[in-house]
Amino acid sequence: MYICVIFKKQLNNSEEILLKNPYKHNGTITSTVLKKTSSKFTKKAYIESYGCQMNFSDSEVVASILSTNDFEITSKPEDASLILLNTCSIRDKAEQKIRKRLNDFNHLKRINSKIKIGVLGCMAERVKHKFLEEEKIVDIVVGPDSYKDLPNLIEKAENNIEAVNVILSKKETYSDISPIRINSNNVSAFVSITRGCDNMCTFCVVPFTRGRERSRDPNSIIDEISSLQKKGYKELTLLGQNVDSYLWYGGGLKKDFSKASDLQKKTSISFDKLLRLIAETFPKMRIRFSTSNPQDMTLEVIKVMMKFENICNHIHLPFQSGSNRILKKMNRLYSREEYIDLIKKIKEFIPNCGISHDIITGFPTETEEDHKETLSLMEYVKYDFGYMFSYSERPGTLASKKYKDDISLNTKKRRLTEIINLQQKHSHNKMKSFIGKTMCVLVEKDSKKSNLKWSGRNSQNTVVVFNKENYKIGDFVDVKIKDCTSGTLLGNAISYSKSI
Ligand code: 5AD
Ligand code: SF4
């Protein structure tokens, strides 16, 4: 609460500065837009984020905590006395990338030994103290639930005392912190609504690195969205490992809901109620959410989506495998048939809903038959787009303990290529089906290829590029689609959109 009050006070005198992103690295992000308050910062911090949207959102919480502790956020690591990497552990490759990046920063530390380097997020939680031994240049290790301890840990590191906090919390949701939007287009923002995950998919490290599932106070969610709206934001994405499982009953873990009082149960707020509340309270805001888990997505949520124009017609619905045998081994809590039933309901209630997926290929024991079932499920749904991965064994997960990683690299690669090729075909067909249609696009930024064109997204989350004319970033524009490439729709602006 203390942090929140101070930060709000600073924001009243705030001035926005736009910085360039001069420091190139492997596909991740440096801070570009930050709030400079009237109070003088004495130190500079640089934050780089990897992995899921949740991590990017957490970095905005970290930026806020640092800003109340004399740190200005810079986009130049060479200017910073504190370098933080917000890390991802989901696959081995993600961790390799971080280790390589830490090596890159070693040379800065050689030039200036006062620089402190911190590792945040899932990899910090997984590797814990060992980080300080394995990566000699790391000074601070902080897990996802301990960011409020950062000022204390930074002080410890400055005094050359071991600075590690990887305690997972039953309560922490950072609801009292106003995130500082970094790398923002000032149009779209993430709003985190749940933390942790109770699903225990056998391949996944997240339940171990992000702890048990808890939901955020709806009042603080509404407050955050209100403040975004006042600043001119037009779109928000509600975030959680499993948003559909959102359940507010006054605080506490999701798994303890059964122990709640009758009154708490009666007045509890589930995801469909939260979604409705947000859609009704902010009719001029576009609303997205991610990620949905098939077993938790209810008909009520689909009906709320159908009812409110300002909720985007897009559902990210990972299925991981089309084979019931593999789904069982993955401890995914739905069958192929139940998944298909859910898809049927979505298509029945929201016929133009964009649907995307996550797939893992080469899970232990996966046969050609299992693989074909994944392809056939893709054929059935015809997803708009998706994220496709080869299985990567993660230490400590149930799958690593129970099953041998027995699918050869070659087979994993070949199956992944088949999956990607099929998805590309479906994505391209989907894009072509938009040609001739007029759709509402929220203008986000310059098109990558031409600064005479705007780039934005339609409700289904597909990128749309069109001539700028007199439209501005943040406008909702009706665009008629004329053509497409494999990943982008190309169109002409018709008029300001009235649909939102
Ligand atoms: N190997 C490969 N992919 C994984 N994912 C999660 N864990 C693993 C793993 N061990 C994928 C899943 C999940 C997405 C975020 O990452 O598809 O939905
Ligand atoms: Fe990992 Fe499964 Fe939780 Fe997603 S739902 S974060 S895949 S355990």
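A crossing of two helices is called left-handed if the near helix is turned anticlockwise from the far one by less than a right angle, and right-handed if clockwise. Keep in mind that you're looking at a predicted model, where local features need pLDDT of at least 70, side-chain atom pairs count only at pLDDT 80 or more, and totals for chains, interfaces and linings use all residues. Residues are numbered from 1 along each chain as its sequence is written, chains are lettered from A and ligands numbered from 1 in the order in which they are written, and side-chain values use heavy atoms, with hydrogens and water left out.

**Stop one: α14 and α16**

Select residues 368–381 for helix α14 and 409–434 for helix α16; their axes come within 10 Å and cross at roughly 15 degrees. (Helices are DSSP runs of H or I with at least four residues, and strands are runs of E with at least two, numbered from the N terminus; axes are lines fitted to C-alpha atoms, for helices over the stretch in contact, with angles from 0 to 180 degrees between N-to-C directions.) The two are therefore roughly parallel, a word used for angles under 35 degrees. Their crossing is right-handed.

Now show side chains. On the α14 side, pick out Glu 368, His 371, Thr 374, Leu 375, Met 378 and Glu 379. Among their partners in α16 are Arg 414, Arg 415, Glu 418 and Leu 422; contact means heavy atoms within 4.5 Å. This contact has four nonpolar, five polar and six charged residues. (Ala, Val, Leu, Ile, Met, Phe, Trp, Tyr, Cys and Pro count as nonpolar, Asp, Glu, Lys and Arg as charged, and the others, Gly among them, as polar.)

**Stop two: α11 and α13**

Next, select 299–307 (α11) and 336–349 (α13), whose axes come within 10 Å and cross at roughly 20 degrees. That makes this pair roughly parallel too, and the crossing is right-handed. Leu 299, Ile 302, Lys 303 and Met 306 of α11 meet Leu 342, Lys 345, Ile 346 and Phe 349 of α13. By class, you'll find six nonpolar, no polar and two charged residues here.

**Stop three: the largest cavity**

What is the volume of the largest cavity? About 80 Å³. To see its lining, select residues including Ser 57, Asp 58, Val 61, Tyr 174, Arg 195 and Glu 224. Helix α2 (53–67) gives the most, with three residues. The lining divides into five nonpolar, three polar and four charged residues.

Note on methods: Parallel < 35°, antiparallel > 145°, perpendicular 65-115°, else oblique. 1 Å grid on protein atoms, 1.4 Å probe; cavity = no way out; pocket = protein on both sides within 12 Å on 5 of 7 lines; lining within 4 Å. Points joined across faces, edges and corners; volume = space filled by probe spheres on them.
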